[in-house]
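Try each task yourself before you read its solution.

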Amino acid sequence: MSVYRLPFTVYRKIVVGFLFLSSIFFFLSSPSFAAERFFEVKAKKFSYTPNIIKVNKGDKVSIRLISEDVHHGFFVDGYGVKTSAHPGMEGALSFTADKSGRFSFRCSVTCGSLHPYMIGYLYVSPNNLWVWGVFGVLALGLISWLITSKKKQKDEKLKLFGIIPLEWRFPLTKFKPLRALLKSRWFPFLPIVFNLFIFTIILLAGFIGGLGAGNYNFGVMIVWILWWVLLMMFMVPLIGRFWCMMCPFPLIGDWIQRGKLINVGKQKSWGLGKRWPNKLRNLWPLVILFWVSTWFSGFFTVKPFATFILLGAIILIAIIIALFFEKRTFCLFVCPVSGFQGLYANFSLFGVRSRDPEICKKHVPKTCVVGNEKGYGCPWMELPYEMNRNTYCGLCFECLKTCPYDNMDLVLKPFGQDLFAERRRTDDVYNRRSTDEAYKALTMIGIFLSFFLAFQGPYGHLRDMVTAKTFGLHGYLGYLLESFTIDFLLIPGSLFLFAWLSKLASRSKEVKLKDVFVNFSYCLVPVGIAIWGAFSLGIIFPNGSYLLHIISDPFSWGWNLFGTASIPWTPFFTGLMPYLQVLVTLGGMLFALDFGYKFSQRTYKDIGEAKRGWIPILIYLILIHIFFVRIFVG
Amino acid sequence: MKKNELFAVVLMFLATIGTVIGIFAYEKSRAKGYYTVELTARAPLNGNWYPRKFTVPFGQEVRIRIRNIETVSHGFAMPDFNIEPAINEIKAGEVKEIKFLADKKGTFPFFCTVWCSNEHLHMSGEITVE
Amino acid sequence: MKKTVYFITFVLLAAFLGLVYYGARHWRGMPVQIERFETPALNVAFMDKDIDLAQGLAPEVWQEIKLQEIKLMYQVTALPWPKIKGMLSAVTVKAFHSKENIYFYMSWPDDTEDRIHETTQFSDACAIMFPVEKDVQPHTIMMGFLGRVNIWQWKGNQDREYWQKESPQTKAYVDYYYPFEDKELFPVSQHVTKFAVNDLLAIRVGTITPKDVQEVMGKGVWENGVWTAVFKRPLKSLEGENGVNFISGKRLSALAVWNGSKGDRGGRKSISDWLELNIQ
């Protein structure tokens with residue numbers, strides 16, 4: 001008898017029984033008798049021995065800190081207690097472990113380049129957050145199963161969480177001031193110039209900073225702490241390619257191509273104006289380029305001069321590409337940040353869309369593509385009049401400036417609308433759902449894993465590998481191999497396995513395995529956004545106070561521009577951090593479940609196949625989210 | 001319209017070259033006033049103090065700006081003079097300013113006082129007053 | 001146009017690479033010559049002679065051995081510093097072994113002979129330190145941490161009591177080691193010493209303890225502003241594996257000197273960097 005024909009009361013019993021069992025499990029992991037625990041912790045660049053400490057709730061914990069090379073510190077997240085030790089002089093710390101969970105202890109004295117990432121884990125059992133996290137994942141999965149298994153036919157209209165129609169759009173440019181702003185030639189030029197100013201300071205700080213401490217360098221902190229966190233937590237999930245709108249990198253290239261900085265000059269780019277080869281007109285170059293840039297993450301995120309080299313090289317390449325190729329070829333196919341911004345922008349709330357397709361049908365020539373005296377033809381070589389995805393739109397608003405009918409709008413739309421956009425009639429080779437975008441979503445998950453384990457995990461040998469302390473298989477080469485295996489083989493392989501199981505379960509005869517694989521990979525877009533957001537929390541909360549220092553003393557020259565140079569390192573919200581990380585991860589899962597079922601309906605012919613094919617993917621999402629919750633708090 | 005373009009170009013140059021010039025000009029202006037010596041602290045294997053030996057005029061109130069351009073803490077001690085304020089540790093990336101009166105003629109050593117590297121004991125320099 | 005494009009590209013590349021090169025030369029500040037550091041070596045040759053310290057220091061035996069001058073630096077990590085001239089000094093060191101015993105000779109200049117050690121007067125002293133384990137961290141030199149070190153400390157006052165059989169001047173003395181630096185007047189009552197040399201073990205700052213078995217003999221003589229001290233100990237330690245055994249090969253050591261009249265006591269001393277013994 002098929003599961004789907006069971007009466008609803010049985011489902012209710014399953015849910016209640018599950019809740020009851022989980023509460024017993026939770027009750028069983030109650031605290032035991034409080035003891036006095038003593039640990040001798042040795043600190044060395046950049047890990048602690050022991051790197052994992054386990055105590056029970058209520059224990060009185062004493063730590064003796066011994067430094068094996070230079071002045072190190074010891075700060076416990078969530079408790080806020082700290083000590084430090086010079087070589088030869090030990091530090092002592094005593095506290096009662098009255099909060100349970102997993103807490104990172106980190107170094108509180110600058111001891112070397114990877115100082116902000118010198119971390120170990122303190123487990124105070126019972127680790128309730130881990131239990132509740134798993135419970136949350138299982139509950140969400142169960143609810144998804146209950147809801148989807150009840151469906152009797154395919155949804156006619158796709159609705160986000162069944163409430164908001166996915167095709168809903170609200171034109172924000174209804175508001176005259178906003179439209180006037182977007183139509184002005186000073187926008188986005190002014191934000192770009194401001195960022196150019198900031199980047200000049202960043203490059204100078206990187207150049208001057210040499211191999212000094214990254215945490216006191218303007219370049220390293222603004223780029224890898226402030227910009228990266230803002231990008232992953234706010235800009236990309238909410239506004240999509242917001243950074244591309246105000247990025248200063250293509251400014252010089254644009255100026256050379258157009259001959260004018262702000263006014264409208266020639267429409268044809270000065271320079272060789274070549275067309276980017278068709279075979280590379282997709283996300284593959286960016287998948288590879290971004291992955292290659294992560295090979296050097298152990299250097300440029302911590303050493304100021306390495307940040308200078310990276311950013312300088314990107315600016316140089318941007319200018320050179322602008323000389324050789326047409327328009328914003330660099331932004332589209334070469335900029336390492338472009339890949340995930342483009343893919344994840346499909347999740348965001350904003351987009352540029354044409355309002356009335358009838359007007360565009362009759363408009364010849366289409367000035368949004370060829371340009372006129374008010375603006376340039378789309379430098380991103382998109383077709384604004386029928387654009388329905390954010391992937392390759394850089395929010396430069398030229399199309400709003402050129403359209404004589406004011407038919408282009410900046411719209412507010414529900415999360416994920418673009419992920420379901422249909423392939424267009426005149427679609428260029430690159431702008432459809434395919435393996436390059438699937439691999440972008442998958443490699444982003446793999447890169448997150450490497451980054452989190454190396455930079456927020458307790459594993460000192462991983463940090464040694466990432467910073468190329470040695471070059472062999474146990475060192476840097478090992479890191480590259482491990483990175484390749486996880487990013488390009490293991491994680492895509494795991495999705496492939498479950499895609500195959502999905503096809504098997506659906507009993508569909510016509511569906512292509514590749515389509516199943518690619519379509520379901522888009523579930524990983526909200527998952528990627530969520531886990532990178534949670535990762536960013538782990539970066540900003542402990543290290544955010546450095547930002548106050550570097551705005552007053554950007555070059556470590558002893559300046560004090562705003563009076564904040566002597567503010568000491570002050571982590572904040574470290575107790576709240578794991579809870580927020582779990583919440584964000586569960587939020588990502590929520591979207592992944594909602595989108596996943598919709599993709600299942602897209603992929604399979606009828607509702608029966610869709611429901612059956614959905615189950616293995618549901619299980620896959622549950623498994624990976626348990627894995628992520630474990631990484632964050634387990 | 002042409003004015004717009006000019007204004008935009010000026011803005012761009014201000015943001016880039018103007019910023020660089022402004023930064024170096026400000027830094028130069030900070031050295032005014034006292035007789036200032038810029039001293040860079042580095043571990044011996046990275047070059048030791050820079051300048052390792054320097055001369056200051058006799059009778060002058062000297063200000064030394066010690067920059068730690070490394071990733072570990074260093075210290076500074078010059079026992080032959082009264083240094084204000086007393087320093088115990090110069091953390092990574094920090095700049096500490098000390099003042100003293102060069103009231104004795106001769107050559108005097110200064111040292112690092114925080115274990116910074118395996119060659120810490122060799123981290124010393126000389127100041128000559130004449 | 002092609003030519004212009006290539007030219008601009010070339011100029012940009014050259015400029016960037018030039019900047020990178022300049023930045024890399026200066027990434028640790030102004031580039032300077034890095035000096036090479038080599039651990040000085042002291043030969044401990046075999047000589048078929050034995051010294052009876054009761055008779056004297058046997059200067060005729062020592063004359064045959066080439067001396068090594070080792071630089072000492074005043075320990076500046078802990079305040080306060082003495083108001084003295086010259087933080088840098090040197091000590092002359094020689095060594096040999098006789099297959100039964102090993103002998104060390106230390107000689108350094110000192111204006112005054114200080115043999116009283118109590119709360120306001122401090123005795124002159126010198127010491128040799130050997131890490132017990134083979135693999136040592138360089139910072140083990142600061143009173144030994146992470147690994148045990150064996151310290152032979154010869155003290156002027158103990159030498160006086162032992163060799164000159166004079167009774168101690170006072171009942172209490174001060175000898176603080178970290179972390180009691182700021183508790184200056186923390187007197188410790190005198191313990192009865194057997195020898196002129198304290199055979200000590202330490203694993204970390206503040207953990208100096210006398211060994212159960214005191215194996216080291218020593219004697220010091222002050223003459224015309226120069227101290228000379230000689231240490232003598234059997235090659236093989238009575239503690240077997242747990243002690244320092246001088247077998248053929250290389251072994252690290254370090255030296256320290258206290259000048260009592262300048263207020264040296266406990267952690268306030270002049271120390272040397274590692275000295276490599278080459279035991280033949």
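The exercises below concern a predicted model, and each one comes with a worked solution.

**Exercise 1. How many helices and strands are there in chain A, and how compact is the chain?**

Solution. 
- Step 1: Begin with the elements; chain A holds 23 helices and 16 strands.
- Step 2: Look at the extent of the chain. Along the principal axes, the C-alpha atoms of chain A fill a box of roughly 80 × 75 × 50 Å.
- Step 3: Turn to the radius of gyration. For chain A this is 26 Å, close to the 26 Å that the globule rule gives for 634 residues, so chain A is as compact as a globular protein of that length.
- Step 4: Finish with the contacts. Among contacts in chain A with a separation of 6 or more, 78% come from residues 24 or more positions apart.

**Exercise 2. Into which domains is chain A divided, and how many residues of domain 1 are in contact with domain 2?**

Solution. 
- Step 1: Chain A is divided into domain 1 (36–126), domain 2 (185–430) and domain 3 (433–633).
- Step 2: Take the centres over C-alpha atoms; those of domain 1 and domain 2 of chain A are separated by 43 Å.
- Step 3: Find the contacts. Five residues of domain 1 of chain A are in contact with five residues of domain 2 of chain A.
- Step 4: Sort the domain 1 side by class; two residues are nonpolar, three are polar and none is charged.

**Exercise 3. What is the strand order in the open sheet of chain A with antiparallel pairing, and which strands stand at the edges?**

Solution. 
- Step 1: Recall the background. Strands of a sheet pair through backbone hydrogen bonds, either parallel or antiparallel.
- Step 2: Read off the order. This open sheet of three strands runs β12-β16-β13 in chain A, with antiparallel pairing.
- Step 3: Find the edges. β12 (170–171) and β13 (350–354) of chain A each have a single partner strand, so one side of each is left without a neighbour in the sheet.
- Step 4: Zoom in on one pair. β13(A) is joined by five bridges to β16 (residues 408–412) of chain A, where A:Leu412 in β16(A) stands opposite A:Phe350.

**Exercise 4. What is the strand order in the open sheet of chain B, and how do β2(B) and β6 of chain B run?**

Solution. 
- Step 1: Trace the three strands. Their order is β2-β6-β5 in chain B, and the pairing is mixed.
- Step 2: Look at the edges. β2 (53–56) and β5 (106–111) of chain B stand there with a single partner strand each, so one side of each has no neighbour in the sheet.
- Step 3: Check the twist, which averages 25° from one strand to the next.
- Step 4: Compare directions. β2(B) and β6 (residues 124–129) of chain B run parallel and are joined by four bridges. The bridge partner of B:Val56 in β6(B) is B:Val129.

**Exercise 5. Which element gives the largest share of the side of chain B that touches chain A?**

Solution. 
- Step 1: Count both sides; 27 residues of chain B are in contact with 28 residues of chain A.
- Step 2: List the elements of chain B that give two or more residues to this side: α1 (2–30) and β4 (95–101).
- Step 3: Pick the largest share, which comes from α1(B) with 12 residues.
- Step 4: Sort the side of chain B by class; there are 15 nonpolar, six polar and six charged residues.

**Exercise 6. Is A:Gly588 buried or exposed, and which residues does it touch?**

Solution. 
- Step 1: Locate A:Gly588 in helix α22 (residues 577–603) of chain A.
- Step 2: Apply the cut-off: a residue is buried if 20 or more other C-beta atoms lie within 10 Å of its own. A:Gly588 has 26 other C-beta atoms within 10 Å, so A:Gly588 is buried.
- Step 3: Name the neighbours. Leaving out residues up to four places away in sequence, A:Gly588 touches A:Pro526, A:Val527, A:Ile529, A:Ala530 and A:Ile531.
- Step 4: Compare sequence with space; A:Gly588 and A:Ala530 are 58 residues apart in sequence, and their C-alpha atoms are 4.9 Å apart.

Key: Residues are numbered from 1 along each chain as its sequence is written. Chains are lettered from A and ligands numbered from 1 in the order in which they are written. This is a predicted model: local features need pLDDT of at least 70, side-chain atom pairs count only at pLDDT 80 or more; totals for chains, interfaces and linings use all residues. Two residues are in contact if their C-beta atoms, placed from the backbone, lie within 7 Å. Ala, Val, Leu, Ile, Met, Phe, Trp, Tyr, Cys and Pro count as nonpolar, Asp, Glu, Lys and Arg as charged, and the others, Gly among them, as polar. Two strands pair if DSSP finds at least two bridges between them. Axes are lines fitted to C-alpha atoms, for helices over the stretch in contact, and angles run from 0 to 180 degrees between N-to-C directions. Domain bounds come from an automatic or database domain assignment. The radius of gyration is taken over C-alpha atoms; the globule rule is 2.2 Å times the number of residues to the power 0.38. A residue is buried if 20 or more other C-beta atoms lie within 10 Å of its own, exposed if 12 or fewer, and partly exposed in between; C-beta atoms are placed from the backbone.
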